[in-house]
Amino acid sequence: MSNIDAILKSDIRAGARLMRDLDDRRPDAMQTLKQLFPHTGKAYIVGITGNPGAGKSTVVDSLIAHYRGKGERVGVVCVDPTSPFSGGAILGDRIRMQRHALDPDVFIRSLATRGHLGGLSRSTFDVAHVLDAMGYTRILIETVGVGQDEVEVMKAAHTTVVVTVPGLGDDIQAIKAGLLEVADVLVVNKADREGADRTERDLMHMLDLRTGDRKDVEIVRTIATRGTAEGSGIKELADAIEKHRERVWTGEGANARAVARITAQLAELVRAQLADRAAKAMAQRGGLAEIAQSVVDRRQDPWSIAEELVETL
Ligand SMILES: Nc1nc2c(ncn2[C@@H]2O[C@H](COP(=O)(O)OP(=O)(O)OP(=O)(O)O)[C@@H](O)[C@H]2O)c(=O)[nH]1
Ligand SMILES: [Mg+2]
């Protein structure tokens, strides 16, 4: 059986191997990915982002249970860009989702920043396509929403869920700045804690300030630690995601939205490839330290050097 066939038949080992090889940017892996592309496009991708510790992994874990209950096959990408020593956090994500580890219809893949410099969203994009080709019809991407990189990662998603918690206070302002802009569904998790009302009101107020289609955002309260049990809010969250899907990804306007999404992804791929080339070119000339010295000594100006370096690409 060829590698392509194995992946289309959802062979776990073949899928995991391809993802590893893609990490290493192996040309044969890239070739396989390209050949898989015609077999993709069936998965619905949900991004889950929010503050560190908001309960994203717990929400993901409960959503996995929900979708499995409906017979869907679920792929998960956990992105942990915050820490270069990411073993801990990724381990935490894994432990939180461990009850699904033995389910062959759940595939969990973790991505760390290491080896993905500037290319985190590209790696997420690649992995999502492999999962899609493997027949995982529901893909969940978890990422901490702290920087631009993570916002870029969310461009791979059809629906973006932003997870907040009660009592963040000023942090709500931080959410407002970046994350609220990308939210299609807002979650107030840890609703078993005090202050969920207030948080919901604050969020609603912020949403009121938004314009156009970005206004149409549902707020859902969850207690993710209760799994799919009645009152956990997970079913309501899944419903809100489906509503967004219907509103945006079916009927009129869906194609324009798809074109906009791919346009953003293409731009990101081009940026990532150029960054790769630049990194290689700089490594070949033994880094920039020597040239930097000439700038320190005012023998050369930094703009000309940057231009020259780009010319060599
Ligand atoms: N009380 C309460 N605790 C929760 C709830 N959901 C998650 N937690 C707890 O919050 C802590 C963090 O949960 P995670 O799911 O790891 O949060 P996260 O956002 O994935 O964290 P990072 O990936 O490290 O940013 C854990 O101790 C969870 O058990 C909830 O609904 N209520
Ligand atoms: Mg997590």
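## Overall make-up and confidence

The protein has 313 residues, and buried residues make up 48% of them. Its secondary structure comes to 14 helices and 7 strands. Among the contacts with a separation of 6 or more, those between residues 24 or more positions apart account for 75%.

Because the model is predicted, its confidence values deserve attention before any detail is read. The average pLDDT of the protein is 86, and 88% of the residues score at least 70. Over residues 83–88, however, the pLDDT is below 50, and this stretch has 4 contacts in the model beyond near neighbours in sequence. Where pLDDT is low, the predicted coordinates should not be read in detail.

## Helix 11 and its two partners

Helix 11, which covers residues 234–249, can be followed through its contacts with helix 12 and helix 4. With helix 12, made of residues 254–284, the axes come within 8 Å and cross at roughly 100°, which means that helix 11 is roughly perpendicular to helix 12. On the helix 11 side the contact is made by H244, V248 and W249, while helix 12 contributes A254, R257, A258 and R261.

D61 and Q98 are 37 residues apart along the chain, and their C-alpha atoms are separated by 8.6 Å.

## Salt bridges

Side chains of opposite charge can pair when their charged atoms come close. The structure holds 20 salt bridges, and one of them links R122 with D276, with the closest N and O atoms 2.9 Å apart. R122 lies in helix 6, which spans residues 120–133, and D276 lies in helix 12, so the pair ties together parts that are 154 residues apart in sequence. The two partners can also be described by their accessibility: R122 counts as buried at 8% relative accessibility, whereas D276, at 29%, counts as partly exposed.

In the pair formed by D297 and R299, the side chains meet in a salt bridge at 3.3 Å, N to O. D297 counts as partly exposed at 40% relative accessibility, while R299, at 59%, counts as exposed. Apart from these pairs, salt bridges that share partners join R68, R73, D103 and D105 into one network.

## Residues with positive phi

Most residues other than glycine have a negative phi. Against that background, S10 has a phi near 65°, a positive value in a residue other than glycine. S10 lies in the loop between helix 1 (3–8) and helix 2 (12–23), and at 14% relative accessibility S10 counts as buried.

R25 likewise has a positive phi, near 55°, and is a residue other than glycine. The loop that holds R25 runs between helix 2 and helix 3 (27–36). With a relative accessibility of 28%, R25 counts as partly exposed.

Technical notes. Residues are numbered from 1 along each chain as its sequence is written. Chains are lettered from A and ligands numbered from 1 in the order in which they are written. This is a predicted model: local features need pLDDT of at least 70, side-chain atom pairs count only at pLDDT 80 or more; totals for chains, interfaces and linings use all residues. Side-chain values use heavy atoms; hydrogens and water are left out. Axes are lines fitted to C-alpha atoms, for helices over the stretch in contact, and angles run from 0 to 180 degrees between N-to-C directions. Helices (H or I, at least four residues) and strands (E, at least two) are DSSP runs, numbered from the N terminus. Angles under 35 degrees count as roughly parallel, over 145 as roughly antiparallel, 65 to 115 as roughly perpendicular and the rest as oblique. Contact means heavy atoms within 4.5 Å. pLDDT is the predictor's confidence in each residue, from 0 to 100. A salt bridge is a side-chain nitrogen of Lys or Arg within 4 Å of a carboxyl oxygen of Asp or Glu. Buried means under 20% relative accessible area, exposed over 50%, partly exposed in between (1.4 Å probe, protein chains only).
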